[in-house]
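Here is a brief report on the backbone and confidence features of one model. Please look over the sequence and structure first.

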Amino acid sequence: MKALKWGLALAGIIMIFVAAGTERKSKLTSNFTKGNPGIASMDKLAFGPEGILLIGDTKNATIYAINTMDFKEKSEAEEVNLEAFDQKIASSLGTTADQIQINDMAVNPISKSIYFSINIIDGTPVLLRLKGQEFEHISLQDVSYDKIELENAVGINAEDKRGRPLRVWAISDLKYHKGKVLVSGLSNKEFGSTFRSISFPFDDKQDYASLEIWHAAHGQYETHAPIKTFDIIELDKTDYLMASYTCTPLVLFPLDELKTGVHAKGRTVAELGAGNSPLDMISYEKEGKKYFLMSNSNRPVMRIKYDEIADFKETLTEPVEEFAATEGVAYDNLPFPYVLQMDILDDKNVIYLQRTADGDLVLRSRTTKWM
Amino acid sequence: MDVIGGLNNFKKIRFTLVFFYGLFLLSCGSKDAIKNVNLQYQDSSVIGVSFESSDVNDLIFFLKGETKTPILGEIKSSGDKHHFTPVIPFRAAQTYEIRQGGRRLYSFKVKDLKNIERPELITIYPTKDTVPENLLKMYLIFSTPMQEVGNASNFISVFNVTEQREVELFLNLEKDLWDKDHTRLTLWLDPGRIKTGLIPNKLMGLPLRQGHSYTITVSGNWKSARGISLSKNYIKKIVVGKRDNQMPDILNWELSDPAANTKEALKISFGESMDAILARESLQIKYKGEIPVEGNYTLGEYENTIVFTPKDSWNEGVYDISSDSKIEDLAGNNMNHLFDTNNEEIKEPASSETHYKRSFSVF
C-alpha cells in the first residue's frame, strides 16, 4: 500500500512535469500550422523563446515564426574562426561568392547555433545553420510555423481599390522582447518609417507607434526619420526602445508608450556623427556591467556603456551650435571596422561577420573580455 | 646506339601503356560507380541529377575546383537508382563534380544560357536634367528583375563635373530599397545632409550644389537576376538649380476640360516635376464625391503632368480629384509639410490631413 502511494505520488509528479512541459511549449506554438510558409525573402532574423526563429520578409511584408525544434540546451558555444566565409557558403550552394549575399545572422540562445539567411542572385532565399566547419540547410518545405502580415502604415489610402501596389516597408530591424515582436521599417517610396510592436503568439494585434525624435543639431522634432537598427534597454525598471536612425542619433522611447494613437516623444541621448549609417546593435554584460555595441557602415564598432546612458538624464534639446562631431553620451571606438553582422554567442562571447582590410569576409567569435 | 635507343623506346612505350591502362581503369571505375546520369533541367538550371550507382556512401557533389565544402542537397535512393536535389539548382555554365572518398567519379557541365535578353535601364527618374538642389530621391527602372546580391553603390558612380571630382551622392543603405519585382530601385540622397541644421548638413553641406553639373554613371557590369549584365554603361547628366521650398498644392494644379459623353483625357498639370512613383499612386478621380472612376494614369513629360484616360465616358456633373497627402515633389515636400521642416521660410504649421480634394465640373 505504501509502495502504491509512493508510486502514485511519483506518477503525479511526473505528470505535472510533463504537463508543465507541454503547456509551456504549446502556449507559444499552439497556433502554428505545418507546411511551407512560402517565404519570399529573408531580410532579418531574430530568435524568440523556445528556439522559435522570427524571419522578416520584406517582399511579402510578413513576419514568420518558425519552430526550428532546435531546443538542445548548450551553455557555451564553440570558438568560431572561419575565413573566406562567403566563399564557403557559396561553395556549399554550388555557386560562387559573387552570386550570394548574407542578409542576416542570428544565434539561437538555447543551442548557441548560428543561423544565416542567404540570398542567391535571383532572389532565392536560403536558411543555413553552422555546424562545426560546415553548414546545414534548414528546409522550410514542411515546418511548423505561424505568420503575421504587416499592416500598412498609418496614412495609407484605405479606400484604394484600384489595385495599385501597396507601399513596401523594407524591414530594417527585428527583435523579440517579452512577448512582443518589435519591427522597424523603411519606406521604399516616401521618406518615412514605421515601428510596430506585435504580440507573440500572433493575435493580429499590431501597435503602430508614431515616434518623434528630437534632433539636437536640428533644434526640431522629427517624426519621419527612419530607424535603421534598435535594441531594448532597461533603465530604472522601465524598458526603453533604443533606436538608431539613418543619420545616427541614438534615441530612447519608453516601450510601454509605443502604442497605436500615442505620439511617443523620444529622448535623444547621443548624436553619433555624420556620413554614417548604423548597421547592427547588440548588448552584453561583462564583469557585472552592461555595454552596447553598434556596428556602422562608415565607422568602427562603437561601444557605449550602459551606465553612461543611465546617467545621462537630460535630453539633447538645445540645438547644437558648434560643428561638433558628436554630442551626448560618450562612446569608444573599438578596433573593428566593417563589421557587417553581430550577435551574442553565449554569456562570454560575441560573434561577428567582418570584411577585413584585404577584402576577406571572416566569421569570428570573440570574448567580451576584450571588447 | 640503336639498341639503347630501342630500349628507351621500349621504356616509353611501356610507360605509355601503363598510363593508358591507368586511365582505362579510372574510366572503367567511373563508369562502374556512376551510370546513366540524367540532368533534370528547369529553365536554364538543373534542379536535380538522377544516376545509378551501387554505392552512394560518401558520395558528394562539388563545384568544380572545390574540394573542401560539398554542395548541400538531398539524395533519395531506390535500389541502385538515386536522385540528388541540390538546395539551389545547379547554375548555367557551371561545371560540377561527383566525388567519393576524395576521388572524382564524374563531372558534368550545365548548359550555357541562350537567347536570354540583356537587361536594360529603361528610365531614371526624375527624367529632367535640371533638378532642385534639395533633390531627395532618384529611381532607376529596369526592364527585368535585377540581381539580389551586392549593393547598388557598387554599380553607381557620381562625378561632379564642375569640381572635377567623384562624389558620394546617395545614402548607402545596408539593404537597398527595391520594389517586390526587383525592377525599381529607390536611391535617397542623404536626408541628413538635406535637412538644414543637422550635423551631416553642417559638416558636409547639401549633397548637390546649386549651379554644379554632375554625371551619374550606372555600370554595365550590373547583372540581372539571371546573371546577365546590362548591355552598356548608362550616363545621366544633371544640372542643379535652385532650392524647392514650396509644398505641392492641389489648388494650384491646372486641369484640362474633358467633355461629357466622351472619353477625352483629363490632363493634370502640377506646375513642377513630381515624384514619378508617388504621383502615379496618389491620385484618384471620384464622381459625385464617392464613386471611383476607373481609367489609366500616364505620366507626362518630365513628370510635370499626369493624364487620366477614363475607361467609360464622362458623365455630366461634378467630379473630384483626390490626392493622398503623401504625394511629393522632387524635394520630398508633400502636401502637409516641407521635407526640410527646419526651413525658416515655412510659416504654416504642418498639417496631418491624409487627403486633399479638388472639384471640377464636366459639361
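A:Lys178 lies in the loop of chain A between strand S11 (169-177) and strand S12 (180-187). Helices (H or I, at least four residues) and strands (E, at least two) are DSSP runs, numbered from the N terminus. A:Lys178 is not a glycine, yet its phi is positive, about 45 degrees. Is A:Lys178 buried or exposed? A:Lys178 counts as exposed because it has 10 C-beta neighbours inside 10 Å. The cut-offs are these: buried means 20 or more other C-beta atoms within 10 Å of the residue's own, exposed means 12 or fewer, and partly exposed is in between, with C-beta atoms placed from the backbone.

B:Asn36 also has a positive phi, near 50 degrees, and is a residue other than glycine. B:Asn36 sits in strand S1 (residues 35-42) of chain B. B:Asn36 has 10 C-beta neighbours inside 10 Å, so it counts as exposed.

## Model and numbering

This is a predicted model: local features need pLDDT of at least 70, side-chain atom pairs count only at pLDDT 80 or more, and totals for chains, interfaces and linings use all residues. Residues are numbered from 1 along each chain as its sequence is written, while chains are lettered from A and ligands numbered from 1 in the order in which they are written.

## Cis peptide bonds

In chain A, a cis peptide bond links A:Phe200 to A:Pro201, with omega about 0 degrees. A:Pro201 falls in the loop between strand S13 (193-199) and strand S14 (206-208).

Chain B has a cis bond between B:Tyr125 and B:Pro126, where omega is about 0 degrees. B:Pro126 belongs to the loop between strand S8 (121-125) and strand S9 (130-131).

## A buried strand in chain B

Strand S3 (residues 59-63) of chain B is largely enclosed by the rest of the structure, because 4 of its 5 residues are buried. Which strand does S3(B) pair with? Its partner is strand S6 (residues 95-100) of chain B, in the antiparallel sense, over 5 bridges. Strands pair if DSSP finds at least two bridges between them. B:Leu63 stands opposite B:Tyr96 of S6(B).

## Confidence in chain A

Chain A has a mean pLDDT of 81, and 76% of its residues reach 70 or more. Over residues 153-166 of chain A, pLDDT is below 50, and the stretch has 14 contacts in the model beyond near neighbours in sequence. pLDDT is the predictor's confidence in each residue, from 0 to 100. A contact means two C-beta atoms, placed from the backbone, within 7 Å.

Residues 319-325 of chain A also stay under 50. The model gives that stretch 11 contacts beyond four places in sequence. Where pLDDT is low, the predicted coordinates should not be read in detail.
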